[in-house]
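Hi,

Here is the structure I promised to pass on. Have a look at it first, and then read my notes below.

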Amino acid sequence: MKKTLLAAALLLPLLTLVSHFAFKPPVATEQGFRSGTFEPPHQAPAFTLDGSGGKKLSLHDYLGKVVIVEFGYTYCEDVCPVTLSHLTAAFKSLGNAASDVQLIYITVDPARDNPERLREHLTAFNPGFLGATGAPEDLQSVLKSYGAVARQVHSRNPALPYAMDHSSSLYLVDRQGRLRGLVPFNTPVDDIVHDLRLLLTATA
Amino acid sequence: MIPGAAPAPARPHRRLAVIVAGLFLTPVLIASLWPVTFDSREELFEIPKGTFARHMAGDHHDLLPSEIDLVVGIHNVLTLKNSDDVPQTFGPTLLMPGQSLRIPFTRASENNFNCTAHANGQLLVLVEDTPTWPWERLSWRLRRLLRSLSPS
């Protein structure tokens, strides 16, 4: 009996180590997109809003470029600064290819985000980033067409009258204007760059 | 033992204890040491044709589970296919009829998605790290067993 217990006491740690190291699964790598992908891709919902550049801004104007659509607001204190910082880093990482990528940041807070405020806010991240605003009903329609949501909530910052709870994913639109990817919040910069490069090099 | 005396009878309670311990420990050992594997990295869920019509008719029975469990690296791709006749909201996006959305998850996370195919409008996608140590595998299997036994 004692011998059996001793053998078990010696065998168990050995089996533990063998099972841990011998059966460790290989790290899976994504061959295609690292973000969510739509199959088959459909045309991205169209919109025309007031651009931060002082003119009307339509998604259609950016056919031929890869477009990133983001919903947010300039007073956002948690989600938007992280996403905009990631995108700033992603654009830097793309180098010259970034000129073929356009970020369109659509506000979910038209009461406070006018074109001037959007321009000032976005320029601090990247002068090429564009903002869009409009009438609340127009913005609501755009949100709905993308399946995104936004609602006013109590702000934890006493200096702000309210905050907005909003969808935090990025929508990737290819050069043909098709909605191709959905990038969840806090996706690593490398993964964003990887997917943007795939869209930039895609032929059709 | 005294020479010439009859051998002591085997203690039946000890034998029984060994058998019971063996019956209990064998599955525990297997559940601890056997690696967690899946046939595919992909978990496919389909919103069946007629889901919207059934909801409109007052049938709020969920056809999809309210929680989907994934494991980083070995079973980490969620594919949702909309086979219904109308667009369905999944997470922050609309899925058109016939369209599917494939999302690979690369990190352990808890993801709450809006989903119009659910009566309560919510879907939880729980992504866990791959259990590689025996106690992790045992705990993972126990949690999975408990979840499968509990009514959803």
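Let me begin with the contact between the two chains, keeping in mind that this is a predicted model. Across the interface of chain B and chain A there are four residue pairs in polar contact, with both residues at pLDDT 80 or more. Salt bridges are another matter: the count across this interface is zero.

Which elements of chain B give two or more residues to the side that touches chain A? They are α1 (12–33), β5 (93–95), β6 (100–104) and α3 (134–149). The largest share comes from β6(B), with five residues. Sorted by class, this side of chain B has 16 nonpolar, twelve polar and four charged residues.

As for the extent of the contact, 32 residues from chain B and 40 residues from chain A take part. Between them, the two chains bury about 2,500 Å², and 61% of that is on carbon and sulfur atoms.

Over all chains, the structure holds zero disulfides. C76(A) has the sulfur of C80(A) as its nearest cysteine sulfur, 3.5 Å away, and is in no disulfide.

Best wishes

Definitions and conventions: Residues are numbered from 1 along each chain as its sequence is written. Chains are lettered from A and ligands numbered from 1 in the order in which they are written. This is a predicted model: local features need pLDDT of at least 70, side-chain atom pairs count only at pLDDT 80 or more; totals for chains, interfaces and linings use all residues. Side-chain values use heavy atoms; hydrogens and water are left out. A disulfide is a pair of cysteine sulfur atoms within 2.5 Å. Contact means heavy atoms within 4.5 Å. Buried area is the accessible area (1.4 Å probe) that two parts lose on being put together, summed over both. A salt bridge is a side-chain nitrogen of Lys or Arg within 4 Å of a carboxyl oxygen of Asp or Glu. A polar contact is a pair of N or O atoms within 3.5 Å; within protein, one must be able to donate a hydrogen and the other to accept it, and residues adjacent in sequence count only if both atoms are side-chain atoms. Helices (H or I, at least four residues) and strands (E, at least two) are DSSP runs, numbered from the N terminus. Ala, Val, Leu, Ile, Met, Phe, Trp, Tyr, Cys and Pro count as nonpolar, Asp, Glu, Lys and Arg as charged, and the others, Gly among them, as polar.
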